[in-house]
2 protein chains.
Amino acid sequence: MKTTSADRLIRKLRTEGRWSMTEDESKKLLQDYGVPVVKGKVVDRVNDAVLYAQKIGFPVVVKGHGAKLSHKTERGLVKINLKSAKEVREVFRVIKASAGSDWEGCLVAPFVEGSREFVAGLFRDAQFGPMVMFGLGGIFTEALADAAFRIAPFDEKEARRMIGEISSRKLLGNFRGEAPADTDQIVKILVGLSRLGMERPEIKEVDINPLVITPKGKVAAVDALVVLNENSDPPVRPAQYSTKAIHEALDVMTHPKSIAVIGATRTHSEGFPGMFACIANFGFEGELYPVNPRADEIMGRKAFPSLVDIGKPVDLVVISVPAPHVPAALKDCIASGSKNVHIFSSGFKETGEEEGIRLQNEIEAIAREGGLNIVGPNCMGLYIPKARLLTWVNGPVQSGPVAFVSQSGGNAQDYTSYAAEKLGVYFSKVFSYGNALTLDSTDFLEYLEKDDETKIITMYLEGVKDGRRLLELVTRINKTKPVIIMKAGLTESGARAVASHTGSLAGGEKIWNAFFRQSGAVRVETLEEMAEVALAFERLGKTAGRGVAVMGTGGGIGVAAADACTHEGLNLAPFDEGLMAKLREFIPPAGNMIRNPVDAHVILIEPPLLGKTLDLLSAQPFLNMFIISLHMDWLFARGQGQTTREIAAYIAGEARRHTKGKPLVVAWRQYSPSDSVRETLQAVKTVLREAGVPVYEGIPRAAKALGKLSNYYEYYRDRR
Amino acid sequence: MKTTSADRLIRKLRTEGRWSMTEDESKKLLQDYGVPVVKGKVVDRVNDAVLYAQKIGFPVVVKGHGAKLSHKTERGLVKINLKSAKEVREVFRVIKASAGSDWEGCLVAPFVEGSREFVAGLFRDAQFGPMVMFGLGGIFTEALADAAFRIAPFDEKEARRMIGEISSRKLLGNFRGEAPADTDQIVKILVGLSRLGMERPEIKEVDINPLVITPKGKVAAVDALVVLNENSDPPVRPAQYSTKAIHEALDVMTHPKSIAVIGATRTHSEGFPGMFACIANFGFEGELYPVNPRADEIMGRKAFPSLVDIGKPVDLVVISVPAPHVPAALKDCIASGSKNVHIFSSGFKETGEEEGIRLQNEIEAIAREGGLNIVGPNCMGLYIPKARLLTWVNGPVQSGPVAFVSQSGGNAQDYTSYAAEKLGVYFSKVFSYGNALTLDSTDFLEYLEKDDETKIITMYLEGVKDGRRLLELVTRINKTKPVIIMKAGLTESGARAVASHTGSLAGGEKIWNAFFRQSGAVRVETLEEMAEVALAFERLGKTAGRGVAVMGTGGGIGVAAADACTHEGLNLAPFDEGLMAKLREFIPPAGNMIRNPVDAHVILIEPPLLGKTLDLLSAQPFLNMFIISLHMDWLFARGQGQTTREIAAYIAGEARRHTKGKPLVVAWRQYSPSDSVRETLQAVKTVLREAGVPVYEGIPRAAKALGKLSNYYEYYRDRR
């Protein structure tokens with residue numbers, strides 16, 4: 001690594017009070033990072049320009065050079081395809097005249113021709129730090145915004161995937177008689193920019209535009225711009241707690257022997273019953289102390305005027321007093337030696353108002369000073385079924401393997417209720433952390449990595465304080481515990497101070513896309529989908545491909561299944577003649593369609609035929625997953641639900657001995673307003689759930705869950 | 001219109017047995033249709049080439065000319081930017097040598113330079129006929145596939161909208177120092193191609209590529225290709241029934257005084273009870289004749305051995321016998337003088353098998369020969385609540401203003417049950433028409449146009465026989481009766497015999513996009529969405545814009561509402577300071593967020609405050625619609641549902657006096673497993689539905705319905 005020349009260059013700019021490098025300087029620096037720049041020579045006399053042009057051979061380009069010269073093209077200071085000494089002489093004079101007092105010389109370089117122009121660059125995102133972009137260049141850069149992004153650092157394989165993501169990637173192949181681009185060279189450039197981003201915090205932005213592909217496929221950085229950070233000091237971040245300290249604190253919080261509620265109130269029948277009642281009602285079995293100076297007892301427990309009066313530290317303090325009283329409450333925590341706090345109260349930064357922001361800064365200072373571990377403020381807190389700990393109104397006592405980390409308190413309640421009630425998905429640990437005063441999503445995530453009760457991690461995020469840490473953690477944890485994330489906030493302001501289009505092409509959405517592609521995290525759009533996908537991960541094994549077979553009945557399942565599979569990137573693979581012939585041996589033609597989907601009433605009415613069908617289908621290497629579609633209204637008509645119950649029992653038991661371990665799910669439809677059909681549906685759901693068969697409403701939801709499962713395993717197949 | 005020269009050209013090609021015009025011929029033809037072609041001269045002697053080049057001035061282009069010369073660029077027969085007589089001489093010889101015996105001369109034309117290249121063209125789609133495309137051209141045409149399409153004919157305004165749809169439209173503006181493109185000229189070209197497509201069925205394809213924009217903004221067709229249909233005869237289509245005849249037949253079918261069921265069976269408790277039982281059970285009040293040679297009576301009605309034995313024509317014959325017996329049954333219809341038939345039986349074209357296709361052709365011939373009007377085969381048939389006519393198992397007796405035309409029988413049952421049960425949407429007339437033997441979707445549509453009981457038309461389509469008629473009808477009817485269409489079959493084969501990229505860029509999806517954009521039909525993706533959107537059209541008035549205000553409570557409604565509105569193209573417009581100050585006068589700050597959404601518990605607990613809020617919001621011109629979000633679990637906690645019922649009653653009654661006629665809908669959330677909360681929810685839904693307030697599960701569905709409503713009214717605002 002030729003650090004010395006880069007160091008010297010950066011120092012030179014600082015000394016001269018410049019932030020933008022000249023093209024010549026930019027190219028020199030980038031060359032050290034593996035960028036194949038089109039080199040040239042800066043000359044300040046016309047005769048030298050001609051001599052140099054003759055030396056390198058025509059055609060050449062001549063560009064104005066000077067520390068203060070920017071927007072050279074727009075100012076007419078770039079002249080290309082000059083074929084003679086005469087032309088060089090002419091344009092040299094024109095450029096010198098146009099540039100005026102900013103002129104310091106001209107850069108003479110070989111003219112590299114190519115009809116395919118790309119752009120590559122580096123910029124810094126507020127959440128994710130140094131990011132690299134690659135996209136279509138030339139006059140189309142802004143008009144088409146066809147670009148891919150990656151968070152640095154990344155390796156060559158990742159760079160290659162990045163190149164494959166742009167729509168105009170066809171231009172990199174054999175194109176209109178021109179040779180395929182040397183993608184190895186592009187990979188080297190992108191990895192070089194990634195390295196530069198990591199090694200040189202002084203550099204704010206790099207813009208290589210255009211990156212020309214010659215007719216022979218060579219890659220050449222024809223123009224480049226490097227911009228330094230105006231502020232050379234990295235931002236001061238508050239001291240972070242160590243991972244070990246956070247881990248220990250969360251261990252105590254999630255298994256507390258004692259809890260105190262500051263602001264405990266007498267329970268009331270109207271509205272929210274209060275934090276104290278929530279915890280007491282859920283059946284917390286440890287010591288539980290109400291703190292309220294205006295009460296003697298609350299719900300049969302002696303009340304304390306202040307936290308300190310309890311006379312010993314407690315494992316978890318829940319603060320439920322108006323925002324202005326929170327600073328005092330935190331001081332009490334410190335005074336009593338209680339380190340772990342959930343602040344339920346709201347009225348801080350989230351209000352967007354001055355007083356709220358001031359209060360949040362105040363409590364953050366108190367908390368960090370006192371070494372407090374804070375969940376919140378402005379959040380619902382904790383739900384740990386095994387510890388009988390719940391800081392909101394309702395939640396199932398049953399626990400399960402799914403964890404949830406949520407920026408929103410409302411979503412923590414809604415999602416856990418929905419998942420349990422509708423899908424039979426239960427939870428290990430749930431954290432609603434709101435404004436993330438000292439503990440952010442990444443802290444909970446890292447804790448859950450080591451939590452034996454957690455097999456799957458679900459997250460609701462609006463933003464994150466440290467995007468790089470999130471990427472690092474998710475990339476690591478996702479391998480063994482699928483991380484399913486709902487990223488809300490499409491309208492997130494993408495405001496970043498960037499001068500070039502390298503950064504301006506990157507909206508928040510594109511940056512988060514990069515995060516998902518790099519980490520392999522499973523992306524979902526709604527809370528319902530998050531629960532449905534978690535169910536698939538909980539109950540199903542690996543997929544080896546994207547082939548799906550659908551079996552069952554129901555109006556137009558053919559088109560519906562095909563549309564749903566296409567939409568989710570699954571392959572409703574057609575059966576070959578041999579397979580269809582074997583199916584025809586026991587599926588009569590009348591009323592049954594033997595193809596994919598298998599639209600055959602008979603295999604539901606006579607369950608062993610479903611087993612035979614699955615035997616044949618699961619033996620096909622191109623079929624990796626199965627959806628059985630049950631139209632509850634239609635099935636009910638036979639034997640008033642008896643047939644339905646029989647097929648459900650078969651799927652719950654015998655059927656899975658015929659799938660060779662390939663994932664199988666059930667999709668149901670039910671429309672008629674019949675209570676008996678609905679009761680049958682409920683019974684079917686129960687028997688399937690208890691047997692561990694995921695059950696979804698409709699083929700589209702089933703296909704979506706299987707599509708996400710397939711994405712996950714494909715991510716790791718691609719990286720093997 | 002210079003028809004003669006075009007006629008002469010086409011005749012010339014036919015005589016010579018050619019299908020492709022030369023560039024010179026293509027340009028001559030296109031010039032007559034308003035395309036600004038770059039004219040040139042065909043010469044066969046080098047001296048003439050030089051003379052012509054000197055006459056028009058350098059630089060010029062020289063291209064090989066000949067009836068058999070195609071792929072000129074790839075064969076090296078195009079030389080551009082020639083600046084001297086010497087260059088012209090040289091390339092003339094090179095081109096002549098390369099073209100060999102195919103050479104008939106060289107085309108010499110001015111060289112038009114421009115960095116912005118587009119493409120325009122015409123092709124014929126199997127469903128929709130002549131279609132025009134416009135897109136990014138040059139080397140990017142195929143790589144980026146950035147193109148818009150329209151079904152011909154269309155006017156200048158439509159052409160302008162088309163141009164505005166491509167992603168690279170920015171290139172048409174002031175771009176990198178080049179003048180904005182003369183879009184009037186592009187509009188003229190597109191309208192010209194539309195006219196050409198309508199007037200000249202002999203022309204199969206037109207490809208104008210590139211269409212260059214000069215630095216001064218002029219538009220120039222630099223190269224062009226016109227291809228004729230190899231088969232000059234239009235396809236023979238079976239004689240169609242007249243609109244009047246169809247109208248009369250459908251009038252009889254939907255108000256039958258007598259029905260006969262061929263293949264009536266004794267009802268059985270297992271599975272589908274049979275067509276006869278379906279009709280009898282729904283309470284059909286006219287004459288109902290079972291036809292079955294092996295029964296004396298069915299469900300207490302005398303059975304007839306054959307249709308003819310009834311001794312008179314019946315208004316509607318329902319055929320429910322195996323496919324091979326359908327031809328005989330149709331002959332009986334003709335013999336008995338019964339003209340109107342629903343064929344329930346399947347086993348025809350939809351099987352994709354030879355015998356099924358043969359049978360369908362046979363019955364189509366019988367039907368057309370006998371002048372029969374056929375609904376089906378392979379379909380569920382008719383559901384006309386007011387006529388007490390239903391040809392499937394279950395449907396509400398209640399009728400409403402929504403019609404449904406469905407290619408799928410299963411969807412007809414599922415959708416109508418869902419809409420009625422979940423949303424309170426009821427139907428006027430429902431047709432499930434399956435394979436569309438003589439009556440297709442367009443026939444039902446045209447009938448519904450005049451049906452006084454129908455105010456809104458919903459359709460489920462997989463394909464359509466006559467796309468142009470569909471476009472024409474939907475465009476006309478949609479103005480007064482919103483037409484809501486679910487187009488299924490994403491994987492529809494887009495196979496069309498096209499030689500150039502003009503057509504190959506158009507997948508089925510892009511062509512249907514053009515249909516929706518042109519007709520203004522409301523596009524939905526699922527049956528549930530179709531019902532939800534129909535509800536909005538049934539209950540709500542016009543929208544004058546896309547501004548939405550959301551009011552209510554519930555975890556994280558801020559982010560969720562913003563994401564949902566962004567997703568549906570709605571504007572969750574921020575309130576200004578003045579409005580917020582007025583709201584603050586009666587909404588206390590504690591626990592309430594005064595912004596958009598208004599996240600304020602208090603306005604739900606004290607309903608008159610909701611009225612005051614609505615007064616203020618509905619007075620804002622930028623707010624056009626309102627969503628009230630009710631979190632049932634949270635609200636229930638207050639007064640065990642009493643508060644919920646009170647606010648529902650207020651919204652059902654008083655609240656709408658405060659909206660100034662602007663649309664208002666309710667979105668609910670409910671997650672906790674509580675029967676009492678669910679009963680309250682049910683009661684709330686009932687009271688709101690009865691008052692005509694649309695109720696949706698969740699803000700995203702509410703936003704989607706309002707988004708579609710807004711699209712509809714915006715379509716007509718744009719066309720005023």
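A salt bridge here is a side-chain nitrogen of Lys or Arg within 4 Å of a carboxyl oxygen of Asp or Glu. By that rule the structure holds 83 salt bridges over all chains.

This is a predicted model: local features need pLDDT of at least 70, side-chain atom pairs count only at pLDDT 80 or more, and totals for chains, interfaces and linings use all residues. Residues are numbered from 1 along each chain as its sequence is written, chains are lettered from A and ligands numbered from 1 in the order in which they are written, and side-chain values use heavy atoms, with hydrogens and water left out.

**Stop 1**

Select A:Lys429 and A:Glu453. A:Lys429 sits in strand β21 (residues 427-432) of chain A, and A:Glu453 in the loop between α13 (441-449) and β22 (456-461) of chain A, so the pair ties together parts that are 24 residues apart in sequence. Helices (H or I, at least four residues) and strands (E, at least two) are DSSP runs, numbered from the N terminus.

**Stop 2: the interface of chains A and B**

Show both chains. In contact (heavy atoms within 4.5 Å) are 58 residues of chain A and 58 residues of chain B. Together the chains bury about 4600 Å², 57% of it on carbon and sulfur atoms. Buried area is the accessible area (1.4 Å probe) that two parts lose on being put together, summed over both.

Now pick A:Ile139, A:Asp414 and A:Tyr671. In chain A these lose the most area to chain B, together 14% of what that side buries.

Select A:Glu421 and B:Arg678: their side chains form a salt bridge at 2.8 Å, N to O.

Colour by element. On the side of chain A that touches chain B, α5 (141-144), α12 (409-423), α17 (527-539) and α18 (557-567) of chain A each give two or more residues. α12(A) gives the most, with seven residues.

**Stop 3: the parallel sheet in chain B**

Move to chain B. Five strands form an open sheet with parallel pairing, in the order β12-β11-β15-β16-β17. Strands pair if DSSP finds at least two bridges between them. The edge strands are β12 (287-291) and β17 (373-375) of chain B.

Zoom in on β11 (residues 258-262) and β15 (residues 316-319) of chain B, which pair over four bridges. B:Ala260 stands opposite B:Val317 in β15(B).

**Stop 4: the antiparallel sheet in chain B**

Select β1, β4, β2 and β3 of chain B. In that order they form an open antiparallel sheet. β1 (41-43) and β3 (78-82) of chain B are the edge strands. Finish on B:Lys41, whose bridge partner in β4(B) is B:Val108.
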